[in-house]
Structures are given as structure tokens and as C-alpha cells.
Amino acid sequence: MKRIMVTGALGQIGCDLVKKLRQIYSEEAVLATDIRRIDNEACQSGPFKILDVTNSTAFFEAAQEHRADTIIHLAALLSARAEKDPALAWRLNMGGLLSGLETARELSCQFFTPSSIAAFGSDTQKRGTPQDTLQRPKTIYGVSKVAGELLCDYYYHKFGVDTRGLRFPGLISHSAPPGGGTTDYAVDIYREALVNRSYTSYIKRGTFLDMMYMPDAIRAIITLMEADSSKLIHRNAFNVSAMSVDPEMIAASIRRHIPDFILQYDVDPIRQHIAEEWPDSIDTTAAREEWGFDVQYDLERMTDDMVMKLMEKLQDDKTKIS
Ligand code: VAH
């Protein structure tokens, strides 16, 4: 990777990834793109361009102008929002992906796009979900992720495009607000704990989901993209996860910092149904063996960092307000 173009750069992964990539490869080497511009670091600390990823000509021209050798394609509609407008989700998730893969083929770019644990459905083994197993998701987001994995593998086998992907679990971060996912509760709970000392979860207690702290997700993307291609048996996409937790476990971890934190429930049937489609815990052996995947944050270390970083942000906001 030398000259990188990122789509969906203002999203939950994009915000942190663009910052890290610019630290490693230089600000000028990383073009951030998104469907809108907002005043934040991804837009201000280096090249930024507004891009509708479903416009294949614009996608190609942006990559060509940047002299990109790597495309990291993050623009997509996440699970809960996708269920509200399946046709839009398909157009964006698959139309944008095809634009990106065609651009990568024509410009000989390396290509990354995330898949998700959502690529598994309720018929799949829920604990220790294997790397290679049944994938029959019943959400449009999951269907687009399975189709995306197959399309990326096709572009590798048919055209030799160096495509690579990760099946991400729920990702937890303090930088960007989550955007329409089912696992967003695991992000909101921290901020609400600090501001209100309570949180009402839309996901039921005892609903276990794979999760990962964003620094580990960013490191996994960069490690995979820099891995020796000849060592990869799998490509699209690798199971990765750091922990399997339910709302009660996160609450107990938060109470090490906020002893009187109260967790309540008001279950959202739509997002609860989506969550119950997904594995409880996935097996990450292939990623560990083929390119050295590992994690640095477990639940307790993640909570310590989330609480510290969010307290700093809230303090800054108070200073700005006062
Ligand atoms: C979502 N955060 O909730 C995403 C992710 C595994 C979940 O794909 O839709």
C-alpha cells in the first residue's frame, strides 16, 4: 500500500482508519471520500473528495486522479438501516462494490472491503462458527455481505485483483457515532453511562455477539493488507473477533468505573431479531494462522480506554460550551 483511497471515510471505521493510515503513509497519500462533507479530521487533515460510490465513472476518476494503488471500500448501509430500505441497501452495497472492483481491475489496485458476522444466518453453528460453513443470512445486509464476499473472490480468481476482506463483529469506538447498525448498543452504552449513569438497551440480556475494539479492527485491516499474498488460503473474508459479550457483561465492566450504573431494557424486536440471526462467537483460527491476526483489547481493557477517552471528550465539550 502506498497511495490509498478510502470510501465511506466519515463512517465508524473510516474516521479512525483514515487517521491511522495518514500517520503511517503520510497525509497526502490517503484520499478520503464520502457522500457528504463534515468538519472533521478525515476531511481536514488530508485530501478529501465527495463521492457517490454507485457512480462508477466518478469512482474510477477519483482513484485515477489520486494515483491510487489501494482501494479500501467501506461505504455501505448497515444492518438495521438496510432492513428499512432493502432496495437502497442492495443498490448501495452491491452497486458501490461493483464500481470499486471494476476500478481496482482497471487500475490494478489492491482492494479491501469488510464483510461481517452478519454473513452467517440462524441455520449456522452459533458457537465457534467456522471460517468455512453454511452462509444463509435472512437480512438484506447479510445477503449483500455474502454476495460481496463471492464477488470479491470472483474478481481475484477471474481478473487477478488482489482482493481481501474481514468478517467484522460489532465494532466499538469513541470517535464516530455508530450509523444504523444492530451492535450500536455496545457503543451507545458507554456514552450514556458517563452522561446519564444509565442506559436502556434495545438488545435483550443474554444475547451474545462478537465484538471488537476499533484499534484492533484498524490494525487487522492494515496487517491483512500488508500480508504476503502467497500465504493467504482464504481472502474474502476472514473471521475476526476479540470477545463474545452480552449487555450485562458490558454493564458489569462499566460498573468498575461507575459503580451505580443502571442497565435497563426496552427491546427493539427488529434489531433483536437481526442479532439472533448472528453467531454468538466465531472461530478466528484461519486469520491467526494465515496472516497473524491477534487482538490487544479484551472487554476490561476496552472499557478502561473507552471511559478514559469519552471523559476527555466530554470535558472538552464542557470547556467549549462554558
Ligand atoms: C451492524 N455494526 O450492526 C454492523 C456490523 C456485526 C455488525 O456488521 O450492522
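In which strand does Thr163 lie? The points below take up this residue and then other parts of the structure, which is a predicted model.

1. Placement of Thr163. Thr163 belongs to strand 8, which comprises residues 163-164. With a relative accessibility of 0%, Thr163 counts as buried, because the limit for that class is under 20%.

2. Surroundings of Thr163. A polar contact of 2.9 Å links the side chain of Thr163 to the side chain of Asn236. Apart from neighbours within four places in sequence, the residues in contact with Thr163 are Leu101, Phe111, Cys152, Asp153, Tyr155, Tyr156, Arg235 and Asn236.

3. Cysteines. A disulfide is a covalent bond between the sulfur atoms of two cysteines. The count for this model is 0 disulfides. Cys152, which is among the contacts of Thr163, is in no disulfide, and its nearest cysteine sulfur, that of Cys109, is 14 Å away. Cys152 counts as buried, at 1% relative accessibility. Cys15 also counts as buried, its relative accessibility being 15%.

4. The buried face of helix 3. Which residues of helix 3 are buried? In this helix, residues 56-66, they are Phe59, Ala62, Ala63 and His66. Viewed down the helix axis, these buried residues fall within an arc of 95 degrees, and therefore they line one face of helix 3. As background, an α-helix has 3.6 residues a turn, so residues three or four places apart point the same way.

5. What helix 3 packs against. The partners of its buried residues are strand 1 (4-7), strand 2 (30-34), strand 3 (48-50), strand 4 (70-73) and helix 5 (86-107).

6. The ends of helix 3. At the start of the helix, the backbone nitrogen of Thr57 has a side-chain oxygen of Asn55 to within 3.1 Å. Arg67 follows the helix and has a positive phi, near 55 degrees.

7. The faces of strand 4. Is strand 4 covered on one face or on both faces? Both are covered: Thr70 and Ile72 are buried on one side, and Ile71 and His73 are buried on the other. In a regular strand the side chains alternate between the two faces of the sheet.

8. Pairing of strand 4. Strand 4 pairs with strand 1 in the parallel sense, over 4 bridges, and His73 of strand 4 is the bridge partner of Thr7. Strand 4 also runs parallel to strand 5 (residues 110-112), to which 3 bridges join it. Here Ile71 stands opposite Phe111 of strand 5; Phe111 is also one of the residues in contact with Thr163.

Technical notes:
Residues numbered from 1 in each chain as written. Predicted model: local features only at pLDDT ≥ 70, side-chain atom pairs only at ≥ 80, totals over all residues. Heavy atoms only, no water. Disulfide = S-S within 2.5 Å. Buried < 20%, exposed > 50% of the residue type's maximum accessible area, 1.4 Å probe, protein only. Helix = DSSP H or I, 4+ residues; strand = E, 2+ residues; numbered from the N terminus. Polar contact = N/O pair within 3.5 Å; in protein donor to acceptor, adjacent residues only side chain to side chain. Contact = heavy atoms within 4.5 Å. Arc of directions from axis to C-beta. Pairing = 2+ DSSP bridges.
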